[in-house]
Amino acid sequence: MASERNSARVGRLVRKLDDLLAKGDVYEAHQLYKTIFFRYATHNQHDDAAQLAFTGASRFLAQSSSAASVSSGKELACMFVQAHSDGNLPLSDDSLDQIRRLLKLLGPGEDGRETFVRLAVEWSRSCSSEHSKFGHPRLHRVVALVCWQFKDFAGAQWHFLHADSAEECAAMLVDFSSQGQQKEVDRFIAQSVLHLLVLQKIHQAKLLFER
């Protein structure tokens, strides 16, 4: 019965949320998103909380012309990761795709993007004891590819180093060299190979060096 009452209350709040969004009331909609999120979390419905936060973050971040919407979107994006961490939700194809989509909406250099990535990496550490120190390679690969898409070559390089993806890292460096930065590419390759050796990723270092 308690579960049914909670579902009914949440349903009413969601309908109210849709009305606020239709009116363009960003502040009240943001507060209501947080209310529903924490109601889900209190009842250990962390997957529902995550999906709610993702939907809200996507809606707000898509309204890039509004500073208030972007600010709300950034907070909800971090809450999306919080729900995964609090609920011990697994790292899956769906969660990685949602992280990729939020990263693209946040854009390069956007204030709050680094916080979102840091929280996501911290959560990914708990998804596999094998990758507990630096975060899961699959997550780093997603972040690296988005950085590359935005021509953030330094960010792409760092995440590729932890993504076990030397071939893609090499392809990114070739793209970098096409921007007329050959000297920088040589430095990037040397740094990357040395970093991989320090991480004892001998095979990855060899692949990158040979590329």
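Trainee: How far apart are the end C-alpha atoms of helix H4 (residues 67–86)?

Mentor: This is a predicted model: local features need pLDDT of at least 70, side-chain atom pairs count only at pLDDT 80 or more, and totals for chains, interfaces and linings use all residues. Residues are numbered from 1 along each chain as its sequence is written, and side-chain values use heavy atoms, without hydrogens or water. Helices here are DSSP runs of H or I with at least four residues, numbered from the N terminus. The expected span is 1.5 Å times one less than the number of residues, so the 20 residues of H4 should span 28 Å, which agrees with its end-to-end distance of 29 Å.

Trainee: Which residue just after H4 takes a positive phi?

Mentor: Look just past the end of H4. The phi there is about 50°, and the residue is Asn 88.

Trainee: Is Asn 44 buried or exposed?

Mentor: Asn 44 has a positive phi of about 60°, although it is not a glycine. Its place is the loop between H2 and helix H3 (46–62). Buried means under 20% relative accessible area, exposed over 50%, and partly exposed in between (1.4 Å probe, protein chains only). At 61%, Asn 44 is therefore exposed.

Trainee: Tyr 40 and Val 10 are 30 residues apart in sequence; how far apart are they in space?

Mentor: Tyr 40 lies in helix H2 (residues 26–42) and is buried, at 14% relative accessible area. Leaving out residues up to four places away, it touches Val 10, Gln 45, Asp 48, Ala 49 and Leu 52; contact means heavy atoms within 4.5 Å. C-alpha to C-alpha, Tyr 40 and Val 10 are separated by 8.4 Å.

Trainee: Which residues have the most contacts inside the largest nonpolar core?

Mentor: A nonpolar core is a set of buried Ala, Val, Leu, Ile, Met, Phe, Trp, Tyr and Cys residues joined through side-chain atoms within 4.5 Å. The largest one has 55 residues. Beyond four places in sequence, Phe 80 is in contact with residues including Ala 50, Phe 54, Ile 99 and Phe 116. The two with the most contacts inside the core are Phe 80 and Phe 116.

Trainee: What is the relative accessible area of Ser 124?

Mentor: Ser 124 is found in helix H6. Beyond four places in sequence, it touches Leu 91, Gly 135, His 136 and Leu 139. Ser 124 is buried, because its relative accessible area is 0%.

Trainee: Which helix gives the most residues to the lining of the largest pocket?

Mentor: On a 1 Å grid over the protein atoms alone, a pocket is an open set of points where a 1.4 Å probe fits, with protein on both sides within 12 Å along at least five of seven lines; lining residues have an atom within 4 Å of a point. The lining has 15 residues, with Glu 114, Val 117, Arg 118, Trp 158 and His 159 nearest the centre. Helix H6 (113–125) and helix H8 (153–161) each supply at least two lining residues. With six residues, the top contributor is H6.
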